Amino acid sequence: MSGSRSTSISPRAGKVLRAAWPPLLLAAVLVVGWQLLAQDGIKNPQVLPSPTRVVSAGWDQRSTIWSEALPTLRETELGFALSFALSWLIAGAMDFSATVRRAVYPLLVTSQTVPVVALAPMFVVVFGFTLLPKVLLVALATFFPLTASLAEGFATADGEASRLLRSMGAGRWREFWTVRVPGALPFFFTGLRVSITYAIGGAIFAEYAGAERGLGLYLNQMQQVFRLDLVFATVIVVAALSVALFAATYLLERWLTPWRRFERSARTQGANAA
Amino acid sequence: MTSTTLEYALEADGLVQHFARPGREPLHVLDGLDLRVREGEFAAVLGPSGSGKSTLLNILAGLDRPGSGAVRVGGSGSVAYMPQKDLLFPWRTVEDNAILGLEVAGVKKKAAREQVAPLFEEFGLAGFEHSYPAQLSGGMRQRAALLRTVAMNRPVLLLDEPFGALDALTRTQLHLWLAETRQRHGWTIVLVTHDIREAVILADSVHVLSPRPARVTHRLEIDLPLPRTADTFALPEFARLERELLVALGTLG
Ligand SMILES: Nc1ncnc2c1ncn2[C@@H]1O[C@H](COP(=O)(O)OP(=O)(O)OP(=O)(O)O)[C@@H](O)[C@H]1O
Ligand SMILES: [Mg+2]
């Protein structure tokens with residue numbers, strides 16, 4: 001390939017860089033603007049703390065923030081595990097039975113219209129300051145995108161592949177595992193990426209409504225003592241954790257759907273040849 | 001259901017098929033189609049596009065029920081079906097695609113892999129066992145799909161235009177390869193095609209379909225010597241049969 005770009009970075013790293021610089025640049029501009037506004041404009045850290053102040057306050061309190069983050073992560077994990085299990089169960093049942101599908105789908109959609117804001121305090125009243133209301137809230141916030149994407153993935157399975165399998169003598173169960181599950185995985189990961197961004201937020205919301213530990217509680221307390229710098233620092237930690245989870249879905253996807261890499265590369269090769 | 005006394009490996013009698021069409025009269029696709037295939041015979045079903053060839057194979061494979069008529073399969077009563085689209089599962093390696101039929105039949109993965117291992121060499125896929133279908137060329141995909149069909153170990157193979165999507169050169173290569181391979185294995189084959197050369201070079205008998213609604217209008221024995229090789233194309237007999245089929249199809253006067 002003579003005359004092509006003479007970079008020493010691999011094409012993949014180059015792609016990542018190209019994708020990353022616009023948001024990074026934008027973020028940098030925003031942070032600088034914020035710093036100037038806080039430092040020379042508002043000049044009151046209880047109204048708007050500057051980024052440097054947020055970072056140094058957060059760094060001072062890092063062990064507290066981390067120890068509050070652990071219970072939040074635990075709730076996220078349990079809630080997400082619950083919604084993962086439920087989504088496969090429900091989407092699977094919907095795939096096996098049209099009756100179940102007709103019965104469940106409207107309820108699923110309705111469950112999404114229930115405002116979490118209203119549910120969180122109610123859960124606390126019913127279940128107390130325990131782990132359970134947080135886990136339930138995380139599950140509620142995440143399980144619709146998972147279930148909906150999975151159900152769609154199952155439904156769009158190649159009918160002819162299913163027929164081929166039946167001509168070999170396969171039953172419905174084997175067909176499900178051999179054709180529908182692998183075919184639905186790309187859909188599932190799309191849903192996973194949407195829902196995982198809600199997961200930590202859901203846990204924090206639940207803690208906000210009433211908890212003994214956790215980042216949500218910490219946020220609430222810092223707000224009450226006007227430590228806006230620590231509020232911002234906590235928010236940044238939450239955002240970082242969410243982004244990390246989001247990125248992890250890509251790794252998981254690469255690992256669980258290895259064949260897709262070749263489908264993609266076949267496409268890029270075609271594009272390069274043209 | 002006494003299958004031991006059957007004279008034919010596969011027998012279809014008076015197959016009729018209609019497809020419902022919304023707002024119009026049903027589409028009449030098969031019109032009393034008869035087909036008899038002996039044990040070890042290579043039968044080619046030749047018909048124009050849209051005449052109902054895939055419809056016929058779907059019925060022979062037991063996937064669709066005919067409107068009327070009956071299908072009998074001798075021996076164990078099971079067939080291996082290769083659909084018109086290659087339908088390799090993109091998430092399975094070539095090897096795991098190949099063992100699909102055995103897996104469905106309850107053979108353990110490891111045993112199934114051992115069983116199909118010798119086939120890769122023969123199908124020109126050695127070294128690609130662990131590739132995904134997306135990494136194969138069109139001709140390799142067709143061979144992989146054929147390998148998967150053969151690996152099911154069923155006495156009768158039903159092939160729906162297995163080489164339809166290929167360029168002429170690759171197709172001819174695969175014809176010669178299949179002619180040689182099937183003679184070695186003694187398979188009973190029903191191959192559906194609209195390619196006259198393909199029918200003549202491969203088959204023992206050619207069954208010509210009428211345009212839709214289809215029935216068998218001609219049955220031609222292909223008595224070209226075995227084994228069929230590249231030289232077979234040059235025989236005057238080959239040209240004569242080709243011409244005879246063109247006439248049967250109504251292409252020539
Ligand atoms: N499931 C179906 N429902 C309705 N119509 C169908 C169905 N399957 C096939 N047909 C119609 O039946 C006719 C015959 O189709 P078929 O696929 O059997 O043709 P074919 O001979 O295999 O053609 P080709 O050589 O192009 O593959 C076509 O007109 C098609 O539109
Ligand atoms: Mg067809």
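Helix 1 of chain B gives the shell around ligand 1 its largest share, three residues. Everything here comes from a predicted model, where local features need pLDDT of at least 70, side-chain atom pairs count only at pLDDT 80 or more, and totals for chains, interfaces and linings use all residues. Residues are numbered from 1 along each chain as its sequence is written, chains are lettered from A and ligands numbered from 1 in written order, and side-chain values use heavy atoms, without hydrogens and water.

**Exercise 1.** Find which residues come nearest to ligand 1.

*Solution.* Start with the 15 residues around the ligand (a heavy atom within 4 Å): B:S49, B:K53, B:S54, B:T55 and B:E161 come nearest.

**Exercise 2.** Work out why the pair A:F84 and A:F188 is edge-to-face.

*Solution.* Rings of Phe, Tyr and Trp (its six-membered ring) pair if their centres lie within 6.5 Å; planes under 30 degrees apart are stacked, over 60 edge-to-face, the rest tilted. Here the centres are 5.7 Å apart and the planes at 75 degrees, so the pair is edge-to-face. Then check burial (buried under 20% relative accessible area, exposed over 50%, partly exposed in between; 1.4 Å probe, protein chains only): A:F84 is partly exposed at 37%, while A:F188 is buried at 4%.

Methods:
Helix = DSSP H or I, 4+ residues; strand = E, 2+ residues; numbered from the N terminus.
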